[in-house]
Amino acid sequence: MDRIFRPENFDIEPIAPQAAEHWQHWYETFKNFISVVSVDNLDTKKLLINYISPAVYQMILDKETFDEAIQTLNGIYIQPKNEVFARHRLATCKQEQCETIDAYMQKLRILSKDCNFRAVTAEQHREEAIRDSFINGLVSNSIRKRLLEKTVLSLKDAFEESRLLEHAYQHSLQYESSQRKLIARQLLSPILRPHPCQM
């Protein structure tokens, strides 16, 4: 029976496209395999080592237990999702020219998985919708970029951070302007100052 459930060796680079999906699928098959293996005093960490590549093994080399090894691999392969960006991708996703309605709906369902949807009140839903529109509609790409660095962001935090960044940008422009004026004055002062012989 365990031959049926035996997983392939896991050998995916963390930076590979869809590495998280490959890892999650492989780990589920490995858990199925463990559940049917009939060995007394089964050392799951040793079993894990037998089904991962040498490169993946290097990532858990110093881990003493199976749980520590799995926690490390989960941390490497499953990156935290950016809720705001995920919702932007879902909201702006369009059907491709030759894409069927079924394929388009499936694409939307997959994109929605990273959006962190949960049961919320109407007011919370409203706040999230305003936050998404606020970030999408910003003129400043640099402010949008800074907001998207956060994996989770409330409307209040998005608004306050945007205002701070906008004020910092305006102050920076004023600082640069005053610096340019000072430099210009210093460069022009010998020209404008009368020569001692002319006094």
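Tutor: On one side of helix α9, N141 and K145 are exposed, where exposed stands for over 50% relative accessible area, buried for under 20% and partly exposed for values in between, with a 1.4 Å probe and protein chains only. The helix comprises residues 141-148, and I143, R144 and L147 are buried in it. These three cover an arc of only 100° around the axis, which puts them on the same side of α9; the arc is that of the directions from the helix axis to the C-beta atoms. Helices here are DSSP runs of H or I with at least four residues, strands are runs of E with at least two, and both are numbered from the N terminus.

The model is predicted, so that local features need a pLDDT of at least 70 and side-chain atom pairs count only at pLDDT 80 or more, whereas totals for chains, interfaces and linings use all residues. Residues are numbered from 1 along each chain as its sequence is written, and side-chain values use heavy atoms, with hydrogens and water left out.

The salt bridges come next. There are 14 of them in the structure, each being a side-chain nitrogen of Lys or Arg within 4 Å of a carboxyl oxygen of Asp or Glu. R87 takes part in a salt bridge with E83, with the closest N and O atoms 3.8 Å apart. Both residues sit in helix α6 (residues 83-92), and because they are four residues apart, about one helical turn separates them. R87 is buried at a relative accessible area of 8%, and E83 is likewise buried at 2%.

R87 also forms a salt bridge with E128, and here the closest N and O atoms are 2.8 Å apart. This pair links distant parts of the chain, since R87 lies in helix α6 and E128 in helix α8, 41 residues apart. Helix α8 comprises residues 122-137, and E128 is buried in the model, with a relative accessible area of 12%. When neighbours within four places in sequence are left aside, E128 is in contact with R87, R118 and V120, contact meaning heavy atoms within 4.5 Å.

Another salt bridge joins K107 and E99, the closest N and O atoms being 3.2 Å apart. K107 counts as partly exposed at 24% relative accessibility, while E99 counts as buried at 17%. Salt bridges with shared partners join E83, R87, R118, E128, R131 and D132 into one network.

The aromatic side chains supply a further set of pairs, 11 in number. Rings of Phe, Tyr and Trp (its six-membered ring) pair if their centres lie within 6.5 Å; planes under 30 degrees apart count as stacked, over 60 as edge-to-face and the rest as tilted. For F10 and Y77, the ring centres are 5.2 Å apart and the planes stand at 75°, so this pair is edge-to-face. The pair links distant parts of the chain, 67 residues apart: F10 is in the loop between α1 (2-5) and α2 (19-36), and Y77 is in helix α5 (residues 66-77). F10 is buried at 2% relative accessible area, and Y77 is buried at 3%. Both rings belong to one aromatic cluster, formed by F10, W23, W26, Y27, F30, F33, Y51, F66 and Y77.

Finally, the chain as a whole. It has 10 helices and zero strands. Its radius of gyration is 28 Å, well over the 16 Å that the globule rule gives for 199 residues, so the chain is more spread out than a compact globule; the radius is taken over C-alpha atoms, and the rule is 2.2 Å times the number of residues to the power 0.38. The C-alpha trace spans about 105 × 45 × 40 Å along its principal axes. Among the 199 residues, 25% count as buried. Of the contacts with a separation of 6 or more, 51% are between residues 24 or more positions apart. The chain exposes about 14800 Å², of which carbon and sulfur atoms supply 55%, with areas from the Shrake-Rupley method and a 1.4 Å probe; for residues, only the protein chains shown count as cover.
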